[in-house]
Amino acid sequence: GRENKKVFVMFTASWCGWCHRMKKSMEDEEIKNYFSSQFETIYFVVDESPDKKNLETPGAAAYKSRYGGDNQGIPFWLVIDKDGNLSADSMKPDGSPTGKINSGCPAEKDEVEYFISVLKKTTTLDNEALEKISKRFLKNKG
């Protein structure tokens, strides 16, 4: 049941096209059950324009900051285990000065591969499920 599910936290904003794209991907009929079977998904609204600050989730900016999200674009996402510990995040290892880059909404091949590696590590989804998720997210490209 719910108590054993991990929590998938996504930081989003009303103006963020890639955030909407990621949410739409995760809620796609073809694959949404894979996510709902494994995760309780929570959307935290951050970074709204001054006239839309009322949309922001109270405490979300501090939460994002606590998990290394300062100066990271959105979507920025986290996988939190049932004990409240961080299992994974959207920071993909790469050759940049910091050694990591926010993969955001997976679309490019390397981003999707990273996302799948996170799901492999944090879920019990089988290869067939992961393959379907991969195919769906690759459609976000372009």
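This is a predicted model: local features need pLDDT of at least 70, side-chain atom pairs count only at pLDDT 80 or more; totals for chains, interfaces and linings use all residues.
Leaving aside residues up to four places away in sequence, leucine 138 touches Ala107, Glu108, Lys109 and Val112.

## The pairing of α4 and α5

Helix α4, which spans residues 109–122, packs against helix α5, which spans residues 127–138, at an angle of about 150° and with 10 Å between the axes. Because angles over 145 degrees are counted as roughly antiparallel, that description applies to α4 and α5. The crossing in which α4 passes α5 is right-handed.

On the α4 side the contact is made by Lys109, Val112, Phe115, Ile116, Leu119 and Lys120, and on the α5 side by Asn127, Leu130, Ile133, Ser134, Phe137 and Leu138. By class, the residues of this contact comprise eight nonpolar, two polar and two charged. Two of the α4 residues named here, Lys109 and Val112, are also among the residues that leucine 138 touches.

## The four-stranded sheet

The model contains an open sheet of four strands in the order β2-β1-β3-β4, and the pairing within this sheet is mixed. Its edge strands are β2 and β4 (86–89), each of which pairs on one side only, and the twist from one strand to the next averages 20°.

Strand β1 runs parallel to strand β2 (residues 39–45), to which seven bridges join it, and in this pairing methionine 10 stands opposite tyrosine 43 of β2. With strand β3 (residues 76–80), by contrast, β1 pairs in the antiparallel sense over five bridges, and here phenylalanine 8 stands opposite valine 79 of β3.

## Helices lying across the sheet

Helix α1, made up of residues 17–26, lies across β1, β2 and β3, and its direction is at about 150° to that of β1. Helix α4, already described as the partner of α5, lies across β1, β2, β3 and β4, running at about 165° to β4.

## Burial of β1 and threonine 12

How many of the seven residues of β1 are buried? Five of them are, so β1 is largely enclosed by the rest of the structure. Threonine 12 is found in this strand, which covers residues 6–12, and the residue counts as buried because its relative accessibility of 10% is under the 20% limit.

The contacts of threonine 12, again without residues up to four places away in sequence, are with Cys19, Tyr43, Phe44, Val45, Val46 and Ile74.

Definitions and conventions: Residues are numbered from 1 along each chain as its sequence is written. Side-chain values use heavy atoms; hydrogens and water are left out. Buried means under 20% relative accessible area, exposed over 50%, partly exposed in between (1.4 Å probe, protein chains only). Contact means heavy atoms within 4.5 Å. Axes are lines fitted to C-alpha atoms, for helices over the stretch in contact, and angles run from 0 to 180 degrees between N-to-C directions. Angles under 35 degrees count as roughly parallel, over 145 as roughly antiparallel, 65 to 115 as roughly perpendicular and the rest as oblique. A crossing is left-handed if the near helix is turned anticlockwise from the far one by less than a right angle, and right-handed if clockwise. Ala, Val, Leu, Ile, Met, Phe, Trp, Tyr, Cys and Pro count as nonpolar, Asp, Glu, Lys and Arg as charged, and the others, Gly among them, as polar. Two strands pair if DSSP finds at least two bridges between them.
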